[in-house]
Amino acid sequence: MTTTSHEHLMHWLRDAHAMEEQAEDMLAKTASRVADDSPEFASRLRDHASVSKVQAQHLRECIARLGGDTSALKDLAAKAVGTAQALSGLFTSDEVVKAALAVYTFDHMEIGSYRSLMAAAQVAGDPDTLRMCELHLAQEQEMALWMESLLPGLTQRFLRQSDLQAQSGA
Ligand code: MG
């Protein structure tokens, strides 16, 4: 059985939809876990959870416009939840640092997905899908840049606090 480029594009759009639903869930849960350690990080995570929700809606509309069935999307998202749990469920004493790494990593998976989808939309001659993916790519790149500026300070603050706690015997 062969798969056409249109079928691949539809499949990848469904994957992207599952990815965004995962992102919304993971970001919202992570925000509540890091709120005490870094309110600034938590606030940005909540903002990006809202962006992810809109991105998922765009993808649903895109799939429907291309004639795809959107009723099966929920099942796919449920299957993908395991990955998000793996990213967000491993927290230990250094959870704020681990959370930042997980968000940064997930964001780059999204960047790769949208770059690939943009190329697929070009093959399909679908300017609307291309524009949506360009917008989402720009949003993910902005988030990735923000994470890049956050990571060093967040890591160093965490280490200083660890040493202070060790010195005070806490
Ligand atoms: Mg996203």
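Biologist: How do helix 2 and helix 4 pack, by angle and axis distance?
Modeller: In this predicted model, helix 2 (residues 39-65) packs against helix 4 at an angle of about 25 degrees, and their axes are 13 Å apart. That angle makes helix 2 roughly parallel to helix 4.

Biologist: Which residues in helix 2 meet helix 4?
Modeller: From helix 2, Phe41, Leu45, His48, Gln55 and Leu59. On the helix 4 side they meet Val96, Ala99, Ala100, Val103, Asp107, Glu110 and Tyr114. By class, the residues of this contact are 8 nonpolar, 2 polar and 2 charged.

Biologist: And is that crossing left-handed or right-handed?
Modeller: Helix 2 and helix 4 make a left-handed crossing.

Biologist: What about helix 1 and helix 2, parallel or antiparallel?
Modeller: Their axes cross at roughly 160 degrees and come within 8 Å. Helix 1 and helix 2 are therefore roughly antiparallel. The contact of helix 1 with helix 2 has 17 nonpolar, 5 polar and 7 charged residues.

Biologist: Why does the pair of glutamate 20 and glutamate 110 tie together parts that are apart in sequence?
Modeller: Because glutamate 20 lies in helix 1 (residues 5-34) and glutamate 110 in helix 4 (residues 95-124), the pair ties together parts 90 residues apart in sequence.

Biologist: Glutamate 20 and glutamate 110, buried or exposed?
Modeller: Glutamate 20 and glutamate 110 are both buried.

Methods
Residues numbered from 1 in each chain as written. Predicted model: local features only at pLDDT ≥ 70, side-chain atom pairs only at ≥ 80, totals over all residues. Heavy atoms only, no water. Helix = DSSP H or I, 4+ residues; strand = E, 2+ residues; numbered from the N terminus. Buried < 20%, exposed > 50% of the residue type's maximum accessible area, 1.4 Å probe, protein only. Axes fitted to C-alpha atoms, helices over the stretch in contact; angles between N-to-C directions. Parallel < 35°, antiparallel > 145°, perpendicular 65-115°, else oblique. Left-handed = near helix turned anticlockwise from the far one by under 90°. Contact = heavy atoms within 4.5 Å. Nonpolar A, V, L, I, M, F, W, Y, C, P; charged D, E, K, R; others polar.
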